[in-house]
There are 2 protein chains.
Amino acid sequence: MFERAFNFSAGPAALPLEVLQQAAEEMTNFRGSGMSVMEMSHRGPEFMQIAEQAQADLRELMQIPKEYAVLFLQGGGLGENAIVPLNLMGPRAQADYLVTGSWSEKSAQEASRYGNVALVAPVSKPFTTVAAPDTWTCSPQASYFHLCTNETIDGIEIGDVPFEAIPPGVPVVADVSSHILSRPMPIERYGVLYGGAQKNIGPAGLTLVIIRHDLLGRASPVCPSVFNYQVVDQADSMFNTPPTFAIYIAGLVFQWLKRQGGLKVIEARNLAKAQRLYEHLDRGGLFFSRVDPRYRSRMNVTFFMRDEALYDPFLAQAKAQGMVQLKGHRSVGGLRASIYNAVPMQAVETLVQFMAEFERTHG
Amino acid sequence: MFERAFNFSAGPAALPLEVLQQAAEEMTNFRGSGMSVMEMSHRGPEFMQIAEQAQADLRELMQIPKEYAVLFLQGGGLGENAIVPLNLMGPRAQADYLVTGSWSEKSAQEASRYGNVALVAPVSKPFTTVAAPDTWTCSPQASYFHLCTNETIDGIEIGDVPFEAIPPGVPVVADVSSHILSRPMPIERYGVLYGGAQKNIGPAGLTLVIIRHDLLGRASPVCPSVFNYQVVDQADSMFNTPPTFAIYIAGLVFQWLKRQGGLKVIEARNLAKAQRLYEHLDRGGLFFSRVDPRYRSRMNVTFFMRDEALYDPFLAQAKAQGMVQLKGHRSVGGLRASIYNAVPMQAVETLVQFMAEFERTHG
C-alpha cells in the first residue's frame, strides 16, 4: 500500500499530484462559494469563470490562433470517429485516411459509414512504422485528410507531420488525444485537432476539439445537435450541460503546465524521459522496442521481452515496487510505459533501474 | 463566505456532503491503490470493481428487472434527444411525443430530424399542466412513445404515468433526468428510461440509459458506434473510455441512498419537502405557483412573485443568507427551488422562513 504509485497507465492516466491535492481541498467548498464545482450550475458566474479561464490558459499554452474555435465536448476520441465525418464529410462525402495504428484504423472504419474513405497508404501489421509520405496517394478532392499523430496502443508518433505530402486546400484533421500538450504543435497547419482528455488534459469524459472557423457549418442533417461543431461553438460549449468537473480539473492541469514553464519546457522533459527508456531498450537485453526509431512515441513506449514467460513475473514485481499499469494493450501484448506529462523522470528512472535489475537476475 | 450553502441549483446540483468528503479523502490514493480514480485505466481491476458495484447498487435501488440493460453513456439528456431516435426509430421512422414542457419540446424537435414525429396533444404555453390522457392521439404503429416525466424548467411532474393511454406494444421512452432516484418507478412498464446524471445521480458528463433488451439492435446505420445501445451494452459500457470519475461519484451517491434506506424513504422525505414549499406558495402571499396542483414537481418547484420589482432584492438577500441558485430558468423567469435528494429539509425550512420574513417586510 503506497501513498502514490508510479503510474504508467495509457489512459485514464497520471495527473499532477498538485492538481489532485487542490481538487481535494476545494471539493466541498470551492473558494468560498459554499459549493463543490460538481454542484454548480454551468451557467452560474463561478463556473463560467472556471470555463473561461481554462480556455484562455489552453489558448496561451498551445498558442491557438484566433481563427480557431476551442470546443469542449463529450464522447472521447472514439466518439469523434463518427462526429468528425458527421461534421466535415459535406456533399463530397470523400475523405482520405492515413492508417498508422489501432486508433487511426478504427477512425477510418467508423468514417466509412458516412462517406467514401480512401486509405492513402496500405495497412501493414503489426504497426511499427509509417508509410513513406512520398508514397501517399492523396486526393485533392477529399473533404479532409485524417491522421492520428500518436498511436497510444502501438507507440507510434508522427512528431513532424509531412504537410507537404497533403494536397494544399485539403483540411488536415488530427487525432492528437495521446500527445496533445506534450509538445508545441503548429496549429495553423491543421483544420481540426481533437482528443479525449484522459491523457495529458484531465479526466475521461471530456473531449477537446480545436477547429478553424471556416470549417464550421458543414454538418450533415443527421449530426446530433450536441455534436454539431457550429452549434456547440455558437453556445460557447454550453449548448448542453458540459462535463463541468472535468473542465475544472483540465483547467487546473493547464495552470500546472503554465507553472512548469509551458510546452517547450515540458517537451524537453518528455524527450529526456523517452530517451532514457529507449536507450535502455536498445541495449540488447531482455527488453526491446519494435518501433521504427523515426516514429517512436515519446508518450507511449511499447516494448517486448525476448522471453514470453517473464511477462507475468516482471509485472508482478514491478507492481510490488509501486510501478503500475505497465501491461501492453491486449490487442498487441507486451509491455507499455505511458509517460505523459504528469509522469516524472523519477518514475522512468525507477523503471529503468528495475528493468536492469530484472535483466541481471533473469538474464 | 459560508462553509456549505443551501444549494437549490437545477443541475448540476447539490450532492450529499458525505459523498464529497469521501471523494476528497480518496482523491490522491484510492484505497491503497496509489492512484486517484481519475488516474486508473477503465479496464483495470480497481475501476472494474467500482463500475460493477455502481451498477449493482443502482439495480438494487431501482429494482431494475434482469430483462433490462443499464448503460453508462455521455452526452446528457440533450444528447439522448438524437441518440434515442437514432437507436429506436427503426424502419417505421414514426414516433409519438408528448410535449409537456421545455425539455420534451426540445426532444420532439430533435427527433423530427430522424423520422416522422407526431405530437399526441397540442402544445400549450406557458407550460403549466398536462393534456388529459384520454385526449392523447397515439398511434399503435409508432416505433415508440416519448415523454419527459419531470420538466426541470417548468416544474411539471407526471408522477403516475397513465400507461393505459398508450397503445399496448408501443415502447414507452421516458426522459427521467430530473427525478430519477427521487421515488420508486415501475421500470417494467417502460421500454427505455434515460437521464443526465447531474441532478440526483452525480456529476454532469454521465448519462444513464435503462433499456429493455429486446429494444437493442435497432440502430440506424448513421448512429455513431459509441452511442449505439447494442454496441455499448455488449461492451459493458466500456466500448469507449467511460467518464470514470463521474461513475465513481455516482456509485458513492448510490451507496449514500442505500444508507438512507432506499427510494421509499427518500420519496417520503422529498414529498415532505415539496409539500412544505407548495403549502407556503398557496397561502396567497407575495409568492405563487402557476402549475396545476396535479402535476407539481417534487423536485423543481417553480414560482413567481406578484411584484416583479422584488425578484432582485429577494435573490440578493437569499444569497446573503446562504441560499443560492434560486433564479428561475431564463426562458420562463421567476424563481425555482430545485430540491433534489441531497437538499435537506433544513434547506427548505430555511427558505420558507426567509420567504415568510420577506413577505412581512415587503407585503
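Guide: The side chains of B:Glu39 and A:Arg4 form a salt bridge, N to O at 2.7 Å. Keep in mind that this is a predicted model.

Visitor: How many salt bridges does the rule find across the interface of chain B and chain A?

Guide: Three. The rule also finds 32 residue pairs in polar contact across that interface, both residues at pLDDT 80 or more.

Visitor: Which helices of chain B supply at least two residues each to the side that touches chain A?

Guide: They are α1 (17-25), α3 (76-88) and α6 (244-260) of chain B. By class, that side of chain B has 33 nonpolar, 24 polar and nine charged residues.

Visitor: And what area is buried between chain B and chain A?

Guide: About 4900 Å², with carbon and sulfur atoms giving 56% of that. In chain B, the residues that lose the most area to chain A are B:Thr28, B:Met38 and B:Glu39, together 13% of what that side buries. As for contacts, 66 residues of chain B are in contact with 66 residues of chain A.

Visitor: Let's switch to the core. Which residues touch the most other members of the largest nonpolar core?

Guide: A:Phe245, A:Ile249 and B:Phe245, in a core of 201 residues.

Visitor: What does A:Ile249 touch, not counting residues up to four places away in sequence?

Guide: In chain A, A:Ile249 touches A:Leu15, A:Val19, A:Ala23, A:Ile201, A:Gly202 and A:Pro203. From chain B, A:Ile249 touches B:Met38, which was named above among the residues losing the most area to chain A.

Visitor: Now A:Ser36. Where does it lie?

Guide: A:Ser36 lies in the loop of chain A between α1 (17-25) and α2 (45-62).

Visitor: Is A:Ser36 buried or exposed, and why?

Guide: A:Ser36 counts as buried because its relative accessible area is 0%, and the cut-off for buried is under 20%.

Visitor: What is A:Ser36 in contact with, leaving aside neighbours within four places in sequence?

Guide: A:Met27 and A:Thr28 in chain A, plus B:Arg4 and B:Leu20 in chain B. A polar atom of the A:Ser36 side chain lies 3.0 Å from the backbone oxygen of A:Met27.

Visitor: Last one, helix α4 of chain A. How many of its residues are buried?

Guide: Seven of the 10 residues in α4 (residues 102-111) of chain A are buried, so the helix is mostly covered. Among them are A:Trp103, A:Ala108 and A:Glu110.

Visitor: What do the buried residues of α4(A) pack against?

Guide: One helix of chain A, α3 (76-88), and the strands β3 (94-97), β4 (116-119), β5 (145-148), β6 (150-151) and β9 (192-196) of chain A.

Notes: Residues are numbered from 1 along each chain as its sequence is written. Chains are lettered from A and ligands numbered from 1 in the order in which they are written. This is a predicted model: local features need pLDDT of at least 70, side-chain atom pairs count only at pLDDT 80 or more; totals for chains, interfaces and linings use all residues. Side-chain values use heavy atoms; hydrogens and water are left out. A nonpolar core is a set of buried Ala, Val, Leu, Ile, Met, Phe, Trp, Tyr and Cys residues joined through side-chain atoms within 4.5 Å. Buried means under 20% relative accessible area, exposed over 50%, partly exposed in between (1.4 Å probe, protein chains only). Contact means heavy atoms within 4.5 Å. Buried area is the accessible area (1.4 Å probe) that two parts lose on being put together, summed over both. A salt bridge is a side-chain nitrogen of Lys or Arg within 4 Å of a carboxyl oxygen of Asp or Glu. A polar contact is a pair of N or O atoms within 3.5 Å; within protein, one must be able to donate a hydrogen and the other to accept it, and residues adjacent in sequence count only if both atoms are side-chain atoms. Helices (H or I, at least four residues) and strands (E, at least two) are DSSP runs, numbered from the N terminus. Ala, Val, Leu, Ile, Met, Phe, Trp, Tyr, Cys and Pro count as nonpolar, Asp, Glu, Lys and Arg as charged, and the others, Gly among them, as polar.
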